[in-house]
Amino acid sequence: MHIAHTIAELRARLAPYQRPAFVPTMGNLHEGHLSLVRQARERGDVTVASIFVNRLQFLPHEDFDSYPRTWERDCAQLREAGCDVLFAPREHDLYPQPQTFKVTPDPALADLLEGHFRPGFFTGVCTVVLKLFACVQPRVAVFGQKDYQQLQVIRRMVEQFALPIEIVAGATQRADDGLALSSRNGYLSEAERAESTALSHALQTLAQAVQQGRRDWPALEAEATAALAARGWQPDYLTVRCRDTLLPPQEADTPHELVALGAAKLGRTRLIDNLGFVR
């Protein structure tokens, strides 16, 4: 695996290839990331991953400085997964000047749910992803479905800018007990780890209620939120949305493809999850 730290070095390394397949990450890798790398290998003539902890998508009170950096382990895992090129820019390589040009995503999609509770988050995500796309020039990019709203925002950005990139969704990888794999799971204490599956169970309960015919969305979501809070969580949202638009379903014309989404803090750790289902 070749490791490139500068944009010029990366472009020189990728020059012979016609169809790079790309997996952007912030490091601290787990099986979810590696499954995306393996999926990328099937879709391109060279497999590229990036590791870059993007300051632009962290709010002032969030964990940018303490976000886990596990460089040696990450490199070993990427080699084993078959990554050909790792792009690991330093901050001054990717942002040699202050990044004053930024990508502002459509508020109708980006200012709800995660964007409501983390204002500016998707501007930071879109800006760094567009810049990484400019560096790698992939023909395929693979993103995990665990970050469902992020996946939809990136898809919309690629469509709006007519980028020649196929966006591929990788299925959420889960532990044996159902917890969605996440770099932030490492923050959980032993007791919190045992409790952490309650979020995915709450989403399953939401989906089952809809499939059984409930359409009283505010009451349904309030019940789910209260049940999780009673277990000691601090929920931001538990909701059912249309899968493509992430807008609330309309009672008179409920679409078949829905997604239950949740975000909540357990102790000091904020977890997110989602579950797509058909009503």
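In what sense do β3 and strand β4 pair, and over how many bridges?

Modeller: The pairing of β3 with strand β4 (residues 85–87) is parallel and runs over 3 bridges. Two strands are taken to pair if DSSP finds at least two bridges between them; strands (E, at least two residues) and helices (H or I, at least four) are themselves DSSP runs, numbered from the N terminus. This is a predicted model, in which local features need pLDDT of at least 70 and side-chain atom pairs count only at pLDDT 80 or more, while totals for chains, interfaces and linings use all residues. Residues are numbered from 1 along each chain as its sequence is written, and side-chain values use heavy atoms, with hydrogens and water left out.

The chain reaches β3 from β2 by way of α2, in another β-α-β crossover that is right-handed.

As for cover, 6 of the 6 residues of β3 are buried, that is, under 20% relative accessible area, with exposed meaning over 50% and partly exposed in between (1.4 Å probe, protein chains only). In a regular strand the side chains alternate between the two faces of the sheet. In β3, V46, V48 and S50 lie on one side and T47, A49 and I51 on the other, and both faces are covered.

Helix α2, on the path into β3, contains H33. The feature "active site" is placed at H33 by UniProt, in an unreviewed entry; UniProt positions are given in the numbering used here, feature names are shortened, and annotations may be inferred rather than shown by experiment. H33 counts as buried because its relative accessibility is 14%. Leaving aside residues up to four places away in sequence, H33 touches T25, G27, N28 and S183, contact being heavy atoms within 4.5 Å.

The loop between α2 (31–41) and β3 (46–51) holds R43. The side chain of R43 meets that of E166 in a salt bridge, 3.2 Å from N to O, where a salt bridge is a side-chain nitrogen of Lys or Arg within 4 Å of a carboxyl oxygen of Asp or Glu. E166 belongs to strand β6 (residues 166–170), so the pair links distant parts of the chain, 123 residues apart. R43 is partly exposed, at 33% relative accessibility, and E166 is partly exposed with a relative accessible area of 33%. R19 joins R43 and E166 in a network of salt bridges.

C75 is buried, with a relative accessible area of 2%. The sulfur of C75 lies 9.2 Å from the closest cysteine sulfur, in C83, and this is too far for a bond. The structure holds 0 disulfides, a disulfide being a pair of cysteine sulfur atoms within 2.5 Å.

Methods
A crossover is right-handed if, with the strands pointing away from the viewer, the path from the first strand over the helix to the second runs clockwise.
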